[in-house]
Every structure is written in C-alpha cells, then in structure tokens.
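Dear colleague,

Please find the structure below, with the sequence beside it.

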Amino acid sequence: MTANNRTVSGMRPTGPLHIGHYFGALKNWIDMQNDYEAFFFVADWHALTSNYADTSKLPQYVRDMVVDWMSAGLDPEKCAIYRQSDIRETAELHLLLSMITPLGWLERCPTYKEQQQQITDKDLGNYGFLGYPVLMTADIIQHRPRWVPVGQDQQPHLELAREIVRRFNGMYDTQVFPEPEARLTPAAKCPGLDGRKMSKSYGNGIFLQDTLEELTPKVKTMFTDPARLRKSDPGNPDVCNLFPYHKLLASPEVQAEVREGCTGATMGCVNCKKMFLQNLQTFLEPLHERRAAILAKPGLVDEVLAAGRERAAKSVKETMELVRAAMHMD
Ligand code: TRP
Ligand code: SF4
C-alpha cells in the first residue's frame, strides 16, 4: 500500500468525559489532528457489547461525547468525527473478518478474560462481547491507517488487529491492508479523588464539564499524603494523589516549589489544593467557553456527525471494494 499518515481511533460513549480521558487519550488526538489524516469515531456499537440491555441513554451519550471532544479542542475541520453505527460497511467487514478469526485468538485475549472476571453485574457470555476485538479491527482497517492512537490497555487489541490483517492478506493473497501500528499515548497519571482509578462508576471523577462550584468541594475531599496530618509534618508528593496533577498542569518551577514546600513542611495541603484548583480552573476555562459556544448552536453536533459520516463513508467505500474483490464477493 502507498505510504500514508492516516490515523483512526474511537471511544465508547459511556457518559461525560473526565480529565483522565483527556490526558490519557484526547490530548493525543488533538495533537494528531494537525499532522495526520484523522478519523475519530464514537463507538456506539462497542458500547453495546457490555451495555446491550438498556440502550435508552445511548443517543444522548453519543452527542455528549461529540460536545466533550470539540470542547477539548477536536476540530471537525481538521478531522472526521463520526458515529460508528453510521457506517454500515463496518458491520460487513466485521462479519467477513469473523470468518477468518480463530476462536482461540479471541478467547486468549487478556482483556476478554479480565473483563469476564471483573464485570459481574451483567452477563458477558455473548458472541458480540467475544468479538469485540474483531469489530475493533474492522473499525480500524476499514480506513487502512498507519497509526492508531490508543492507551496501553488497548495494545492487545492492536496486536490482534495486526494478526487478523496478516491472515487476511495471506489468505486472499492481497496487500489490501497495511498493518496498523499502535501510537501509544504517553502514560499520564490521573488518580481519582479517592486514589482509585478515576471512573464514573466510582463517583471519584473530575469531569471536563465540571464548573468551579462542582470542583471546589471535590478538590477539598481529595486524598493527599495520608501520613501528613498537619502542616508541620513533612509530606511526600510521590504518595500524594494531588501531586500528579501538578505535574500535568503546573509549570516546572511551580512543581519544584510545591515539592520543596511539601517535603520541607512550609506549604500546607490546603494551600496546595488552592493552587491546584486555580490551575484546573485555568485549564478548563477555554473548554467551558467552547462548550457554551457549541451548545448555543443546536444543529451543530448533527452537522458535524453528518460531515464526518460522509468523509468516513468515502474512505471505507474504497476499502470495501478492494476487500470484496479480493474475496470474490464483488
Ligand atoms: N476499545 C476502545 C476502548 O475501549 C475503543 C475503540 C473501539 C477503539 N474501536 C476502536 C479504539 C478502534 C481505537 C481504534 O478504548
Ligand atoms: Fe500533596 Fe500538596 Fe499536601 Fe504535599 S502539600 S501532600 S503535594 S497536597
């Protein structure tokens, strides 16, 4: 295939995005949209693999996700933003790929085994759930991209996608698909308010749409160095939940100042939190301004999704013609 700089990624719409989503994925997308031909989609079919029973909130989650993305700086002029289920050919490609994907590859997938064990409040013994990485492969390779920006947790899925590509190309003696490469997002530590992983279901998140009124009490309740009870106790920023955020939001000089003040017991946690809240507010302000501007235009999200759909459809159409020809299905 010709050298390309196409890139594809998606996110499951499961509710408002938190700051962990931003530093763990979205920031990378926003950087990449300038230099790559980028396709970013809302993975509503993937949301069904574990939340198939009640789908009533899905339409709202899809739209909210687009608003969150654009507020954060994803620009529909620079990249295609679309909804996964708007491209029906993805389902066709998924079906074709499912024929050549050995069950063992899917059963051995570490994310499959993990989630089967961890998620106990719903039945995941479904065909669709097992096929999650095959659908993800279709999402990706339908655009024949070079790069897939993902977090570390998605690496096994990318490996599977590459294996499926090799098998397809080999079996049908074609070069239709280049092997997609993971473009790993540099790990950003964003612990939840209580120190556990930030997650909507734990109720410990800082959301991109949180206002100052919502943020203030949240920051107050954040766990800091548990051994530091008073300001006169020297603290350790490396065991504190708040310090990782200074690393993301504060200048290197301020970080050094905090470290010194904390370990030297000259700066208290209350003050430190004040600084964090200030930095958070500064970081979120432009996002909130963009959000207000987006919400002021009621038809905008639909327009963006329609334009993205058109761009995605064109790219996928080309691929599917090659795929059908390679499989004598044209
Ligand atoms: N599995 C990804 C996640 O949970 C979402 C996703 C679906 C995706 N299809 C994709 C990511 C294709 C990258 C490319 O985060
Ligand atoms: Fe954490 Fe800051 Fe308190 Fe140190 S001063 S323990 S870095 S909140």
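**What surrounds the ligand, and how the domains meet**

An oxygen atom of ligand 1 is 3.2 Å from an N or O atom in the side chain of Arg-12; please keep in mind, here and below, that this is a predicted model. Two further side chains place polar atoms beside nitrogen atoms of ligand 1: for Tyr-132 the distance is 2.7 Å, and for Gln-154 it is 2.9 Å. Taken alone, ligand 1 exposes 370 Å², and the protein buries 92% of that area.

Which elements supply at least two residues each of the shell around ligand 1? They are strand S1 (6–11), helix H8 (132–141) and strand S4 (147–150), and among the contributors H8 gives the most, with four residues. The residues that surround ligand 1 include Phe-41, His-46, Met-136 and Val-148, and by class the shell has six nonpolar, four polar and two charged residues.

Turning to the protein as a whole, the domain assignment gives domain 1, which covers 6–189 + 299–326, and domain 2, which covers 210–291. The centres of domain 1 and domain 2, taken over C-alpha atoms, are separated by 35 Å, while 11 residues of domain 1 are in contact with nine residues of domain 2. Between them the two domains bury about 910 Å², with 67% of it on carbon and sulfur atoms. Of the area that domain 1 buries against domain 2, Ile-19, Ser-71 and Lys-189 supply 53%, more than any other three residues.

With best wishes

Notes: Residues are numbered from 1 along each chain as its sequence is written. Chains are lettered from A and ligands numbered from 1 in the order in which they are written. This is a predicted model: local features need pLDDT of at least 70, side-chain atom pairs count only at pLDDT 80 or more; totals for chains, interfaces and linings use all residues. Side-chain values use heavy atoms; hydrogens and water are left out. A residue is near a molecule or strand if one of its heavy atoms lies within 4 Å of it. A polar contact is a pair of N or O atoms within 3.5 Å; within protein, one must be able to donate a hydrogen and the other to accept it, and residues adjacent in sequence count only if both atoms are side-chain atoms. Accessible areas come from the Shrake-Rupley method with a 1.4 Å probe; for residues, only the protein chains shown count as cover. Ala, Val, Leu, Ile, Met, Phe, Trp, Tyr, Cys and Pro count as nonpolar, Asp, Glu, Lys and Arg as charged, and the others, Gly among them, as polar. Domain bounds come from an automatic or database domain assignment. Contact means heavy atoms within 4.5 Å. Buried area is the accessible area (1.4 Å probe) that two parts lose on being put together, summed over both.
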